[in-house]
Amino acid sequence: MKFDAGKAATHQALVLTGDDPDARAKALSAVLEASGIDDLDVEQTVGDAMGPNDWLATVSTAPFLSERRALIVRSVGRCDPKRTLGDGKPGPAHPWVKAAGALPPTSLLVLVVDDETGDQDRQRRTKANGDAWARLVKAAGGGVYDLTVDAAAVPGLVRERAQASGKQISPVAAKLLAEMVSGRATLALAETDKLCLYVGDEPQITERDVRALVSPEQDYNVFQLADAVLGGDAGGAMRQLRTLSARTARIDEAIIVQILPRLTANVRMVWQARYLIDERADLADPPDRVRPWLPDRSIADEPDWKRRRFVAMAQRASLDQLRGCLTELVDLEARLKGARPLTTPLDALEQALLRMCGLTGPGVARTGGR
């Protein structure tokens, strides 16, 4: 998105969020520059170091050398607004919203939703907290700026980065790289820099180079796992599972917390794609007649490159086959949660994948809808 630092600096409170840390850093610097605040009037903290009411008190203090006083709260997702402020709705009557909306013109409170390390639960929790702070600031009349780079633009950024280093990368290889890092611009550009070093004096970065060097995100591996299963490729499914196992120290836990939920979500998206294809409906903008049959977060909310991959998978499977695969996944979840007999999570997943491949593999009719 195009970020207007001058407009952002007119707010007394604002939130910088999105999945690109470079974009957040540049936006923060641009806001401080546009505000003209002297360094002595800029204070920085982290989300769990001060209370939210202390943030407001700090920026309400009269500035020293500038016309305004700024407080930058990094990693604001570490602060749970429900725990610190109570479970009130982020409306005009919320006490913190009222106080933030009444900040003096000299105030500049910048909340930055930074990336967090740690397990998946912690990352989800801090992301949810960051979203909650964005709603509170917006309710207070502040600005919320999502600096996420559109995944569709990432291959172009990769090609530009390679050209800046004197290398060429084909559109297909750039697209593959973007998919392997789940469309995240910062990761894609970092991998491009490594590829430029990896190929040495070679002028061209190839798909083979990308596959050899780039470490794919887990989402990509699970995506490939779903692709192999729905193509009836038992060997490919087992290879993808081995890759996931090798990259995960606690594979049994990862199966329950990460792999199964993501695999199930992918198969459900393919089911939606198959259903919409059969209904001759636009996947990016489903008509009203089919929307009641889709969940709140549907395939229409996925980036274009993912929709195209889901369509490719759906064209190889019928709704009956997809129902069979979802039944296997429900059975697997029951085993993992102790409702049915289980040897080990890995063994149960392997057996479920092989049975799913049996539903979609060679000799099984794969075309058609219902």
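Me: What should I know about the model before we start?
Reply: The model is predicted, so local features need pLDDT of at least 70 and side-chain atom pairs count only at pLDDT 80 or more, whereas totals for chains, interfaces and linings use all residues. Residues are numbered from 1 along each chain as its sequence is written, and side-chain values use heavy atoms, with hydrogens and water left out.

Me: OK, which residues of α9 are buried?
Reply: In α9, Ala185, Ala188, Leu189, Glu191, Thr192, Leu195 and Cys196 are buried, where buried means under 20% relative accessible area, exposed over 50% and partly exposed in between, with a 1.4 Å probe and protein chains only. Helices (H or I, at least four residues) and strands (E, at least two) are DSSP runs, numbered from the N terminus.

Me: And why do they line one face of the helix?
Reply: Seen down the axis of α9, the buried residues fall within an arc of 160 degrees, so they line one face of the helix; the arc is that of the directions from the helix axis to the C-beta atoms.

Me: What do those buried residues pack against?
Reply: The buried residues of α9 pack against α7 (154-164), α8 (171-180), β7 (204-205) and α10 (207-213), with contact meaning heavy atoms within 4.5 Å. Just after α9 comes Gly200, which takes a positive phi of about 65 degrees.

Me: Switching to α11, is it mostly covered or mostly exposed?
Reply: Helix α11 is mostly covered, with 11 of its 13 residues buried, among them Tyr220, Phe223 and Leu230.

Me: How far does α11 reach from its first C-alpha to its last?
Reply: Helix α11 (residues 218-230) reaches 18 Å, close to the 18 Å expected at 1.5 Å a residue, the expected span being 1.5 Å times one less than the number of residues. Gly232 follows α11 and has a positive phi, near 70 degrees.

Me: Where is Ile251, and what is it in contact with?
Reply: Ile251 is found in helix α13 (residues 251-278) and counts as buried at 15% relative accessibility. Leaving aside neighbours within four places in sequence, Ile251 is in contact with Leu244, Ser245, Ile259 and Leu346. The C-alpha atoms of Ile251 and Pro345 are separated by 8.4 Å, although the two are 94 residues apart along the chain.

Me: Last one, is Leu40 buried or exposed?
Reply: Leu40 counts as exposed, at 58% relative accessibility, and its place is in the loop between α2 (21-35) and β2 (42-46).
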